[in-house]
2 protein chains.
Amino acid sequence: MRILLVGAGGVGGAFAAIAARRDFFEQVVVADYDEAKAQAAAAVDERYVGVRIDASDAAAVEAVCREHRISHVMNAVDPVFNMALFDGAYAAGADYVDMAMSLSRPHPESPYEKVGVKLGDEQFAKAADWEASGRLALVGIGVEPGLSDVFARYAADHLFSEIEELGTRDGANLVVTDDDGNEMFAPSFSMWTTIEECLNPPVVYEKAREDVDGGWFTTAPFSEPEVFDFPEGIGPVECVNVEHEEVLLMPRWVDCKRATFKYGLGDEFITILKVLHTLGLDSTEKVRVKGVEVSPRDVVAACLPDPATIGPKMTGKTCAGLWVTGTGKDGQPRSTYLHHVVDNEWSMREYGHQCVVWQTAVNPVVALELIANGTWSGAGVLGPEAFDAVPFLDLLTEYGSPWGIQELEA
Amino acid sequence: MRILLVGAGGVGGAFAAIAARRDFFEQVVVADYDEAKAQAAAAVDERYVGVRIDASDAAAVEAVCREHRISHVMNAVDPVFNMALFDGAYAAGADYVDMAMSLSRPHPESPYEKVGVKLGDEQFAKAADWEASGRLALVGIGVEPGLSDVFARYAADHLFSEIEELGTRDGANLVVTDDDGNEMFAPSFSMWTTIEECLNPPVVYEKAREDVDGGWFTTAPFSEPEVFDFPEGIGPVECVNVEHEEVLLMPRWVDCKRATFKYGLGDEFITILKVLHTLGLDSTEKVRVKGVEVSPRDVVAACLPDPATIGPKMTGKTCAGLWVTGTGKDGQPRSTYLHHVVDNEWSMREYGHQCVVWQTAVNPVVALELIANGTWSGAGVLGPEAFDAVPFLDLLTEYGSPWGIQELEA
């Protein structure tokens, strides 16, 4: 296996560090728009090299793949580049792995009721080509989407006879402090992506509403607030509906009546996102500012600390998980939260990467190892739900990061 | 009188339109960084010409003054350019009028307790030069500062024997709606300046605390919230302390125990300003964004509608005024609100300019007319309080925009 890792930011750097401890691949080519950043990330292992890439240019991606005889393209850049990487990998004859899916576009008339172009639609539209070529595009295998999709498959195979709701619930109790010990605002994940997913109309799946584009419909941002009590000391966090890939992926492979994604944003973050939207600072359309042109959302991201660098100033845990309700294998009502918690103190000590990017990056490494050794195989555009969950969860535990099950009152 | 009007934005455009109806000057040279904008504003009257200027360059300002034999420089640009215009006017032998004062810099160690460099300090430092040359720099004659400073002098001369507090209180009930009739966020005044004044530590004057730099000290932003009931149907608005020139100007010429400035920002605006500060988007330091450098605050301003263009979409009234408490001329306790209200519907119909910029611009036109006819004269760096208030208030009324007095419970 010869991997092209595109993106040497927070998640790309953590991917490089995690994979460096494994022996399932021959080479990792770390590619970034900033060549020095790529080379810095590649310095972690002698099987790595760092190169420059323009991830917005499918032809450039194909050229880098051919030059380095790449077998698998690993996408670790902002999802705005998904299609260029997806198409570039296909053109080069490489398989493809990402941690998100192609972006959505809201319904032109009823953005908060109906779906427009859904997350992944552009990729699924090309699924037949990938399948016919016997090639694999594994999409949405990060955190999140990724691990909760694996949990969905596990729940369907081993825990439930009938599933009411597959409810992804992610939350954290992370705090970042500045040099003077004051709490500061510093998102642990790409602000560009956070704005994208939180301000887009959240998507919900309900099987009974297959009249509306296969059961998928939208709501207003930040809808259906709910306090979810996260395990391992994180505690209760207010969660709201957010547009997320799990809702589009799970119902394609796992039978369920409803699929949702709620994210524990918390009050302050919700206020910030609302203000950015009010001021138009979430926009990706360039504005002219004293002789130069910039996208306001890029400026917002540029003003915040790089999520890759805040690890040493951060304390707390992050939790990704899936709350499944329905009927257990024993015929009784069941409510179960399958989850994976990473303590920042642990990930910083063990890997030198903060817990959110570490948790995101570990899943594609595990998946690529399963693909490399033939445990996972397939062709087409597939989500994590399309594969057996057990070897994935076992290997994740072997990586030193176990998952858990919590039974809730059914 | 030959006026160089620097700045053809909202206030500059309104100044041009108001002055065009008067005959106290020979020529107005409208100058802007954007020459087309200057020429558009100059088209309002045949005594006007439009030229390009770099307001950040004192030598360029001097050159334009000399070329057009300017007698008075009228500053209608962001206060960041104040010193270049102030110095350029002096170098050219012209008098100078502005609607703000040179900017402050917070105290390096105790920004929310002590003043650092105060508003106007840089200008007052050069007062002796102006006085020695027999030249006048009239600072802070807009709204606000400006009219409330005139009110302060009026109150001291005609209404009060002893003044407890000179409390400037400005508020509005303006609403801007988009083409679909939905209320939208669109500040009626320069967002750059609003951020500057609202996020800087508010300054308060107390005579008894003359230990702390002449009685001036600072608090945290948005301090001492107070609901003030504005007249003429505007009603109650939550007001908070904001750094403003009146607090620095009034105690220099009018004896008072305390001077404050509170602005009716309202909850939404306060939240927005706090979020901008949390994210560092209020910063004027340039950040690097995908190959270009921009100041985040400039980007915020660029994302919002130009305040000069929102007039037709706006309804409501704006009120500037001074709440004076103390002992009346009759020896009895007195509490009086002197105020000036402009209805946007009126200013749009009469002048084609929205009420906030119209109210700001009318005051320097009135002042320049008083200077032109010799009613106001002086040398040095002077605030509006240094001149007799009565002719100003009479001429303002003659302009079609009367002021009012409201007695409150003392």
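How many salt bridges does the rule find across the interface of chain A and chain B? In this predicted model, the rule finds two salt bridges across that interface. In one of the pairs, the side chain of K290(B) meets that of D298(A), with N and O at 3.6 Å. There is also a salt bridge between D298(B) and K290(A), whose closest N and O atoms are 3.6 Å apart. Because D298(B) belongs to helix α11 of chain B while K290(A) sits in the loop between β15 and β16 of chain A, this pair joins two chains. With a relative accessible area of 13%, D298(B) is buried, whereas K290(A), at 66% relative accessibility, counts as exposed. In general terms, side chains of opposite charge can pair when their charged atoms come close.

The interface as a whole brings 24 residues of chain A into contact with 24 residues of chain B. Together the chains bury about 2000 Å², and 83% of this area lies on carbon and sulfur atoms. On the side of chain A that touches chain B, the elements giving two or more residues are α10 (267-278), β15 (287-289), β16 (292-294) and α11 (296-303) of chain A. By class, that side of chain A has 16 nonpolar residues, three polar ones and five charged ones.

Helix α11 of chain B, which holds D298(B), deserves a look of its own. This helix spans residues 296-303, and since six of its eight residues are buried, it is largely enclosed by the rest of the structure. The buried residues in α11(B) are P296(B), R297(B), D298(B), V299(B), V300(B) and C303(B).

Elsewhere in chain B, strand β13 (residues 235-241) is mostly covered, with five of its seven residues buried. In chain B, D45(B) forms one with R47(B), the closest N and O atoms being 3.0 Å apart; D45(B) counts as buried at 14% relative accessibility, while R47(B), at 21%, counts as partly exposed. Another links the side chains of R349(B) and E345(B), with 3.2 Å from N to O. Because these two residues are four apart in helix α12 (residues 344-351) of chain B, R349(B) and E345(B) are separated by about one helical turn, and both are exposed. In chain A, salt bridges that share partners join E165(A), R169(A), E206(A), E224(A), E226(A), R258(A) and K262(A) into one network.

Two residues of chain A remain to be considered. R135(A) has its place in the loop between α6 (127-132) and β6 (136-138) of chain A, and at 11% relative accessibility it counts as buried. Leaving aside neighbours within four places in sequence, the contacts of R135(A) include A89(A), Y90(A), W130(A) and G378(A). With Y90(A) there is a polar approach, the backbone oxygen of Y90(A) lying 3.4 Å from a polar atom of the side chain of R135(A).

Y351(A), which lies in helix α12 (residues 344-351) of chain A, is likewise buried, at 14% relative accessibility. Not counting residues up to four places away in sequence, Y351(A) touches A17(A), I18(A), R21(A), W346(A), W358(A) and Y399(A). With one of these, R21(A), the side chain of Y351(A) makes a polar contact, side chain to side chain, at 3.5 Å. Between Y351(A) and Q27(A), which are 324 residues apart in sequence, the distance in space is 20 Å, C-alpha to C-alpha.

Methods
Residues numbered from 1 in each chain as written. Chains lettered and ligands numbered in written order. Predicted model: local features only at pLDDT ≥ 70, side-chain atom pairs only at ≥ 80, totals over all residues. Heavy atoms only, no water. Buried < 20%, exposed > 50% of the residue type's maximum accessible area, 1.4 Å probe, protein only. Contact = heavy atoms within 4.5 Å. Buried area = accessible area lost by both parts, 1.4 Å probe. Salt bridge = Lys/Arg side-chain N within 4 Å of Asp/Glu carboxyl O. Nonpolar A, V, L, I, M, F, W, Y, C, P; charged D, E, K, R; others polar. Polar contact = N/O pair within 3.5 Å; in protein donor to acceptor, adjacent residues only side chain to side chain.
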